[in-house]
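Open your viewer and get ready to select residues by number. We will go from stop to stop, and at each one you will hear what to select and what is there.

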Amino acid sequence: QARLWEAKVHFTQLSVHFRNEKYADKSIYLVPNQELSVVISIHPHEHFTVQAEYQFTGSSYEGNDFENTQEKLSSYGVLNLLYCYEPKPGISFYARINNLLDKSYATIKYNGVWYPAAGRTLQCGVRYEF
């Protein structure tokens with residue numbers, strides 16, 4: 001019998017630093033210090049899956065900030081939803097909404113210029129495995 005629901009949690013704590021003498025012990029820029037994802041999937045029928053996913057990304061130094069003196073990119077969290085229909089093994093149809101709450105955030109920053117991430121997006125598709 002198939003599971004009615006399942007949950008997954010993944011957490012990463014990073015501490016990455018330059019090894020050369022000039023920037024010794026400085027954090028590597030654009031690498032977030034923490035990442036967390038929580039996924040809850042519900043299977044109301046053997047062919048259907050509804051999934052909610054929360055993704056958190058910690059702060060990081062902006063690009064080219066070798067000295068770690070610039071304002072950091074802020075941490076952020078986004079909520080995603082997925083609906084999947086798999087009529088038979090190997091073929092599925094899906095619709096996914098990324099950044100459901102249309103959160104404004106940036107994943108890249110160089111020389112004080114922020115590059116915003118995508119707002120709410122919808123992805124639809126078909127997957128065929130052979």
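This is a predicted model: local features need pLDDT of at least 70, side-chain atom pairs count only at pLDDT 80 or more; totals for chains, interfaces and linings use all residues.

Select cysteine 124: with a relative accessibility of 58%, it counts as exposed. Here buried means under 20% relative accessible area, exposed means over 50%, and partly exposed lies in between (1.4 Å probe, protein chains only).

Residues are numbered from 1 along each chain as its sequence is written, and side-chain values use heavy atoms, leaving out hydrogens and water.

Next, colour the chain by pLDDT, the predictor's confidence in each residue, from 0 to 100. The protein chain averages 94, and 98% of the residues score at least 70. Confidence is highest in strand β5 (residues 91-98), with a mean of 98, and lowest in strand β7 (residues 113-116), with a mean of 92. Strands (E, at least two residues) and helices (H or I, at least four) are DSSP runs, numbered from the N terminus.

Stay in strand β5 and pick asparagine 98. This residue is buried, at 17% relative accessible area. Beyond its neighbours within four places in sequence, asparagine 98 has contacts (heavy atoms within 4.5 Å) that include Leu79, Gly119 and Gln123.

Now for charges. Side chains of opposite charge can pair when their charged atoms come close. A salt bridge is a side-chain nitrogen of Lys or Arg within 4 Å of a carboxyl oxygen of Asp or Glu, and the whole structure has four. Select arginine 96 and glutamate 53, whose side chains meet at 2.6 Å, N to O. Arginine 96 lies in strand β5 and glutamate 53 in strand β3 (residues 48-57), so this pair ties together parts 43 residues apart in sequence.

Move on to glutamate 62 and lysine 109, a salt bridge with its closest N and O atoms 3.1 Å apart. Glutamate 62 is buried, at 3% relative accessible area, and lysine 109 is buried, also at 3%.
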